[in-house]
Amino acid sequence: MLTLRTLTTADWPLWRDLRLAALTDAPEAFKAGLADWRQGGEDRWHDRLRRADAHHVAAVLGDEPVGLVGGMPGSPDGVRELRSLWVAPRARGRGVADRLIEEVERWARADGGTELRLAVLPGNDAALALYRRHGFARLAQPGDLLADGVTRELLLAKPLG
């Protein structure tokens, strides 16, 4: 049975373990690398979960944590952001990513959001297909410049009307 768990600051070890697993499993899917998150100590892990205006969720299959996602405020004009979606390989194909996306959409609407945005690294075709299936469309504006100084993230958005 799949359950979603909203994370609090007390859950920082779970969030840390899931985040490090994500960065180890799929380093090509995230702008931040494993080395970026291995440093900073416990306070760094707490800081992400301390944001009262954010929504961090873990997916648990049975009693095993298998995924995570974050919802972040984007702007006062109704934009909210979906960040750091990841599902463990052993749980893929079981609807976990769908449930995590739906949960961030639910949070964004409840938070007054009118549009949900996200960034995907070029070449992450599986993520692009997943997001398109959920109604996200590519924006014309360029995303952040990546470390190579040439490539940019792809920005996608979905109206929450």
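**Reading a mixed sheet and its pocket**

Reader: Which residue in β3 is the bridge partner of alanine 59?

Author: Alanine 59 has glycine 67 of β3 as its bridge partner. This is a predicted model. The pair belongs to the contact between β2 and β3, which run antiparallel and are joined by 7 bridges. The hairpin of these two strands has 2 residues between them, and in it glycine 62 takes a positive phi near 70°.

Reader: How many strands form the sheet, and in what order?

Author: The sheet is open and has 7 strands, in the order β1-β2-β3-β4-β5-β7-β6, with mixed pairing. At its edges are β1 (2–6) and β6 (137–138), each of which pairs on one side only. β1 and β2 run antiparallel, joined by 5 bridges. There, arginine 5 stands opposite alanine 58 of β2.

Reader: Is aspartate 11 buried or exposed?

Author: Its relative accessibility is 10%, so aspartate 11 counts as buried, the cut-off being under 20%. Aspartate 11 is found in the loop between β1 and α1 (12–25). Leaving aside neighbours within four places in sequence, aspartate 11 is in contact with Arg5, Thr6 and Leu49.

Reader: In which sense do β3 and β4 pair?

Author: Strand β3 (residues 64–73) pairs with β4 in the antiparallel sense, over 6 bridges. One of the pairs joins glycine 71 to leucine 82 of β4. The hairpin of β3 and β4 has 5 residues between the strands, and glycine 78 there takes a positive phi near 100°.

Reader: How do β4 and strand β5 run?

Author: They run parallel, and 3 bridges join β4 to β5 (residues 115–120). Arginine 80 stands opposite leucine 116 in β5. Between the two strands the chain passes through helix α4 (residues 96–110), and this β-α-β crossover is right-handed.

Reader: Which residues in the largest nonpolar core touch the most other members?

Author: In soluble globular proteins, nonpolar side chains tend to be buried together. Here the largest nonpolar core has 43 residues, and those touching the most other members are Leu82, Leu85, Val96, Leu100, Tyr131 and Leu156. Neighbours within four places in sequence aside, leucine 156 is in contact with residues including Leu116, Leu118, Val120, Tyr131 and Phe136. Strand β4 (residues 79–87) is itself mostly covered, with 7 of its 9 residues buried.

Reader: Which element gives the most to the lining of the largest pocket?

Author: β4 gives the most, with 7 residues. Each of β4, α4, β5, α5 (125–133) and β7 (154–159) supplies at least two residues of that lining. Leu85 and Tyr131 are also among the core residues that touch the most other members.

How values were computed: Residues are numbered from 1 along each chain as its sequence is written. This is a predicted model: local features need pLDDT of at least 70, side-chain atom pairs count only at pLDDT 80 or more; totals for chains, interfaces and linings use all residues. Side-chain values use heavy atoms; hydrogens and water are left out. Buried means under 20% relative accessible area, exposed over 50%, partly exposed in between (1.4 Å probe, protein chains only). Helices (H or I, at least four residues) and strands (E, at least two) are DSSP runs, numbered from the N terminus. Two strands pair if DSSP finds at least two bridges between them. A crossover is right-handed if, with the strands pointing away from the viewer, the path from the first strand over the helix to the second runs clockwise. A nonpolar core is a set of buried Ala, Val, Leu, Ile, Met, Phe, Trp, Tyr and Cys residues joined through side-chain atoms within 4.5 Å. Contact means heavy atoms within 4.5 Å.
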